[in-house]
Amino acid sequence: MSDTTIPGTSGSPGTPRARHARHAKSPAQPARDPRSPKGPGPQDAKPAGLWSDAWHDLRRRPLFIASAVLICVILLMAAVPQLFTSVDPYDAAGCRLGDARQAPSSGHWFGTDSQGCDTFARTVYGTRVSLLVGLSATLVTTLVGGLLGLVAGFRGGWPDALLSRVAEIFFAVPSVLGALLILAVFRTGTMWTVMLALAMLAWPMTFRIMRAAVITAKGQDYVIAARALGASGGRLMFRHILPNSIASVIVVATVNLGVFIAAEAGLSFLGVGVQSPSISWGLMIADARPRFLEAASPLLFPAAFLSLTVLAFIMLGDAVRDALDPKLR
Amino acid sequence: MAATGSPILEVRDLVKHFPMTRGVLVRKQIGAIRAVDGVSFDLRRGETLGIVGESGCGKSTLAKLLMGLERPTSGSVRIKGREIADAKESELKRVRRTIQLVMQDPYTSLNPRMTVGDIVGEPYEIHPEAAPKGDRRRRVQALLELVGLNPDHISRYPHQFSGGQRQRIGIARGLALQPEILVCDEPVSALDVSIQAQVINLLARLQRELGLAYVFIAHDLSVVRHISDRVGVMYLGKMVELGRDAEIYGQPAHPYTQALLSAAPVPDPEGRERRRRIVLQGDPPSPASPPSGCRFRTRCWKAQEICAQQEPPLQLRPGTWHESACHFAEVYDAMRSF
Amino acid sequence: MTSTPPLPAWGTGGGENEPLLTVEDLHVEFTTRQGVVKAVNGVSYALRAGETLAVLGESGSGKSVTAQAIMGILDTPPARIPKGRVRFRGTDLLRLSEDARSQFRGRRISMIFQDALSALNPVFTVGSQIGEMFQVHQGVSRRDAERRAVELMDRVRIPGARQRLHDYPHQFSGGMRQRIMIAMAIALDPEVLIADEPTTALDVTVQAQIMELLAEVQRESGMGLILITHDLGVVADVADKIVVMYGGRVVENAPVHDVYRSPAHPYTRGLLESVPRIDRKGRELYAIAGMPPNLLDMPPGCAFAPRCPYRQDNCVTDPVPLYRIGATRGSACHYWREVLDGGHG
């Protein structure tokens, strides 16, 4: 049986330090794993990290590419609406009451609303407010909730107790009522006040999800192993715990984005959100609702844009989450 | 390599109690889990000390205490003469270059979102003085080769490896800082039998080549016997017997050790009908409320009055050549029938 | 040397009594995202009444999947049984309807698992879970069921059975929970008990208690016991016959003493030499090189060939039958004679 036991251990002993550098050329098992899904791939040779590998992977996902293209178009629409339509809906002269509630035609692709304004132009121009509210509220929610959740979950003790109680208080406020209250304080609704109201009410959810994920990750063996190596708190948090707890937050963020855009619509509908003459999808839907049966297109088109945008971000979130999990690659 | 010289690890009267609290706002301590309750031993350079015991005996807490991952309630842990029980974080960090850890579960002890290169190289990022930046990649590859892995797999993720290979990655990480002591907490118990032998042989080879000292914690008596020079047996937070492997396995003096040895199955059916077994009754008591006196007395067939009143210290006893903690210590070859 | 005729695989010699349970050429595969996992590839074994058959193998050897196929508790899909028979007293269980099948499960063939905590329902008391066996299968009243639950708990030696009847699973220790599992498994006096790694999660001293209990229950009832384990020590202690599995196939079957005295398959030999021994201090352990086969991509020849010191060219290409060795043994190795003679290749 000697031919199969580990050879190569008969070398003369040196000092412990020196011997570390020497290679024992005697793997007891073939190092190449026949079970690993890929052979030695091209990226085996160069150093890689989670994020660069994720990016490498993302670029090859059709789901990611489709959603990214869609989001680019939407962003462009928000930034430079003039590119998409020559009609300026903010110019009241463009609307003719005589053309009210027309069906889609070559002149008005999406028809006109009850004021006789071009629905396509309004939908395109509405992108900016809807997207800004949705994105900024998502960003604030995710950053605030995520960061506080990370700290609370990682530190535990009184910071956790304090933050959790505060989050619970916000949780207990019914969201519509809460938003109404907050917006009433500001009197005039702008997209920034709407954003603030939404973020204030939504962060506790992200906080709780992050906190739970962090507490789970904190107890994992690899975190203990890193502690045994002497890793600092920051390293533990950002190198080990965050990458392993971020997936659920990404999912919540993409869902939140859709919820926020829809909520902006709801608040505008209730009259405390963005006010006319600003244009947002929410406002358009609210305006078109009473006469939906006579003219559906002023409601359907902004609603379709809203759904498409939300869908694009949810797909993006899914793709990013999968790409950040090496096991799913 | 034979154990030589002065101890590099000295543990004295080590105690760790985990408080049990009740109440949400005002926390009140209602008791304590006495996970480790007065353990002392030495470890010499190049030596392997095996620690055996069943679940709940405190052996994993002991590993954490040795690693400075838990602060002891009292007692002392000295590594190369340096006290770590009450050391500052910065001091502890320096000590970590001397003592490192290999964990049990190769599936949870590696960060799934880091590449193997990052995992094995992380010690150098935490201790930048240990290796110059330009040299780290080469060192990581050398480490992978040392533990029998393909150094080209540096960019792979843990899930692309089998359990045995993952355990090798964990060992490579533990070796990166060139420690002198490796604390192995059940390093092979999650592996299949055929893979277990590979990892045990690897640990043995590394010890010979690098002059490492091991604290080898396991519940598997055969594995511990195979790799250890000396063995300590733990029961409910106490060391009940400590001696050279031949003494513990050949002439156990503590009834618990005898029962443990006699209960361990032997992979040989010859003469099994004649084999006599000490089968203990019941389960170990809770470490939250250990019995008075000797902790083993509730399951011991030798227990008498004195066992409930007086706790037997770990010491040399008449007729034995190694330390045991039993008032009625008596050598009995639990395995003579094998 | 390949002249020995292949063993009609399920018979390991003409016993005086008919086998209680036979597994014949069983195949099980799982459809996964990565492809078809061939977990069991033609397994055959036989169990007689009162006998303890140990099925020995490492993770992925197919030992548990075979047992689950016998019990009929595989989820189909993803699992599929393309081929094979499981005969219990002559009836092929695999051909039965689900209704007919459930007449066997738990009543005539029952099973215990490694993880007793997750196998027991955490929200019901152990008394009601044991009693349920009688209520469901025999339609006895709740009072009677409870009374018989206490009897059973006494029989598996749970101290203070009557008081503990109304305790929940988490209030018991690991060893006691395994006793509860055993109580439930033997409640209806099954003829076959399958124990899947029953002591793997337990401490050594508790393991000894549970194995003793199983042996005692078996002695009293005369049932056949299939013990599925990876532990060569436990097998040596209690088994009458051994089936060694590797890569979803039986590589060796034999009476227990034969296997330990002189293994006839290189894998068995490697396993025996790779375990550290408590009764002696060895030198270096023999380590089987390499890793278990990829069940997604099984080689056409012997699954062990890539790791085998006896390997010849034909091992990689030719399928290996289970060669008959004498009256009671079988080995799936072309070179079993060399292996029996000892030495490594």
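The model is predicted: local features require a pLDDT of at least 70, side-chain atom pairs count only at pLDDT 80 or more, and totals for chains, interfaces and linings use all residues. Residues are numbered from 1 along each chain as its sequence is written, while chains are lettered from A and ligands numbered from 1 in the order in which they are written.

**Overall form of chain B**

- Chain B contains 10 helices and 12 strands; helices (H or I, at least four residues) and strands (E, at least two) are DSSP runs numbered from the N terminus.
- Along the principal axes, the C-alpha atoms of chain B fill a box of roughly 65 × 60 × 40 Å.
- Among contacts in chain B with a separation of 6 or more, 65% join residues 24 or more positions apart; a contact requires C-beta atoms, placed from the backbone, to lie within 7 Å.

**Domains of chain B**

- An automatic or database domain assignment divides chain B into domain 1 (4-18 + 33-252) and domain 2 (253-286 + 293-338).
- The centres of these domains of chain B, taken over C-alpha atoms, are separated by 28 Å.
- In chain B, 20 residues of domain 1 are in contact with 23 residues of domain 2.
- On the domain 1 side, the elements giving two or more residues are α7 (221-227), β9 (230-235), β10 (238-244) and α8 (245-250) of chain B, and β10(B) gives the most, with 7 residues.
- That side of domain 1 of chain B has 10 nonpolar, 5 polar and 5 charged residues; Ala, Val, Leu, Ile, Met, Phe, Trp, Tyr, Cys and Pro count as nonpolar, Asp, Glu, Lys and Arg as charged, and the others, Gly among them, as polar.

**Contact between chains B and C**

- The contact takes 37 residues from chain B and 39 residues from chain C.
- On the chain C side, α8 (204-221), α9 (232-238), α10 (256-261) and α11 (266-274) give two or more residues, and α8(C) gives the most, with 7 residues.
- By class, this side of chain C has 18 nonpolar, 12 polar and 9 charged residues.

Definitions and conventions
Two residues are in contact if their C-beta atoms, placed from the backbone, lie within 7 Å.
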